[in-house]
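I opened a notebook for this structure and looked up a few places one by one. My entries follow in the order I made them.

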Amino acid sequence: MTRLKKDDVVKIATSLEDYNSQLVRMTGCSLRELAAHAVAKGSNEDYVQKLNVAVIPMTCGQGVIEGFVESVASIISYLGFNAVITKSRDAGGVAEAVQNGSDILFMADDDRFVAINVKTGKVSDNGEATGKGYVAGLVHMCDGLEGEKVLVIGAGPVGTGAALALKRIGAEVSIYDTDLSASQRLSGELIKQGYVVEIETDLEGALGGHRILVDACPAEEFIMLRHISEHTMIAAPGIPLGIEALGVAQLSSRLLHDPLQIGVATMMFDVL
Ligand code: 2YG
């Protein structure tokens, strides 16, 4: 599980307009539309309800990340919801939020980042939501993915969410993870839901054989310029970005990557 750093999140709140414009240029969707699409909900009627959202700092484990709850709250506010950061932290923050009548809680410790709908009990996990949100973006970037071969790199929660979302829209999915048992576990989970995925064991060969990639792993600089053609499309929820700088430049608007925005927005619509 990657742990964000202050530098990953500190600029988010003040750059959401620019971020959204770039997202519209790349996918044709605003952040709100993309998140709603990721969870198959309308992007208009649902969010109009003035829901109260509480974002709660958690001090457990390695403690709070400077700018994290501020970034989460700014993304939720940008979507049109009423988001506040609780004054108290941890259990005190949860109590404060519930006593203030919050409808939705967002909180993250070192292992889980969740959104909870207090009224319905619905829970959304950042990993799965991020995978779904990025696939929604990739679908728009590629004008549909049915029958397309997609390579998912990283069989963790994000890669699992992405693989499931891809199978649901009829893509042909291959999985690569440095830990073969992780790929096998993901494959087993999807088989239980009636979906078959291919397991790749040779990364170089897999990268050479796919033009549509989901980088859902924390490795750095493993997607190189030689792996990128004019047709390559990459959705990269993984932090840090796994593409070398020359490759990022070559991809320009064919690369979808952000530290928090798509995942948080998808969690919000997921628990509506
Ligand atoms: O409340 C706080 O400030 C901290 N307890 C937050 C800790 C978050 C740790 N988790 C991560 O940094 C990431 N898993 C968050 C999601 C990354 C998005 N791909």
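**Ligand.** I started with the residues around the ligand and counted 15, where near means a heavy atom within 4 Å. The closest are T2, L4, M58, I65 and A108. I am working with a predicted model, where local features need pLDDT of at least 70, side-chain atom pairs count only at pLDDT 80 or more, and totals for chains, interfaces and linings use all residues. I number residues from 1 along each chain as its sequence is written, and side-chain values use heavy atoms, with hydrogens and water left out.

A backbone N or O atom of L4 is 2.7 Å from a ligand oxygen atom. A polar backbone atom of M58 sits 2.8 Å from a nitrogen atom of the ligand. For G63, a backbone N or O atom lies 3.5 Å from a ligand nitrogen atom. How much of the ligand does the protein bury? Taken alone the ligand exposes 510 Å², and the protein buries 95% of that. These areas come from the Shrake-Rupley method with a 1.4 Å probe; for residues, only the protein chains shown count as cover.

**Aromatic rings.** I searched for ring pairs of Phe, Tyr and Trp (its six-membered ring), with centres within 6.5 Å; planes under 30 degrees apart are stacked, over 60 edge-to-face, the rest tilted. The count is 3 aromatic pairs. F81 and F269 form an edge-to-face pair, 6.0 Å centre to centre with 80° between the planes. F81 is in the loop between α5 (68–78) and β2 (82–85) and F269 is in helix α12 (residues 261–270), so the pair ties together parts 188 residues apart in sequence. Helices (H or I, at least four residues) and strands (E, at least two) are DSSP runs, numbered from the N terminus. I also noted that F68, F106 and F113 form one aromatic cluster.

F81 is buried at 4%, and F269 is buried at 0%. I then checked α12 itself: 10 of its 10 residues are buried, so the helix is largely enclosed by the rest of the structure.

**H210.** I found H210 in the loop between α10 (203–208) and β9 (212–215). H210 is buried, at 6% relative accessible area. Its side chain reaches the backbone oxygen of A206 at 2.9 Å. Not counting residues up to four places away in sequence, H210 touches K149, V150, L151, S174 and E200 (heavy atoms within 4.5 Å).

**G238.** I placed G238 in the loop between β10 (233–235) and α11 (245–251). G238 is buried too, at 6% relative accessibility. Leaving aside neighbours within four places in sequence, G238 contacts D215, A216, C217 and H257. The C-alpha atoms of G238 and C217 are 4.9 Å apart, although 21 residues separate them along the chain.

**Cysteines.** How many disulfides does the whole structure hold? I found 0, taking a disulfide as two cysteine sulfur atoms within 2.5 Å. C142 is buried at 14% relative accessibility, whereas C60 is partly exposed at 34%.

Conventions: Buried means under 20% relative accessible area, exposed over 50%, partly exposed in between (1.4 Å probe, protein chains only). A polar contact is a pair of N or O atoms within 3.5 Å; within protein, one must be able to donate a hydrogen and the other to accept it, and residues adjacent in sequence count only if both atoms are side-chain atoms.
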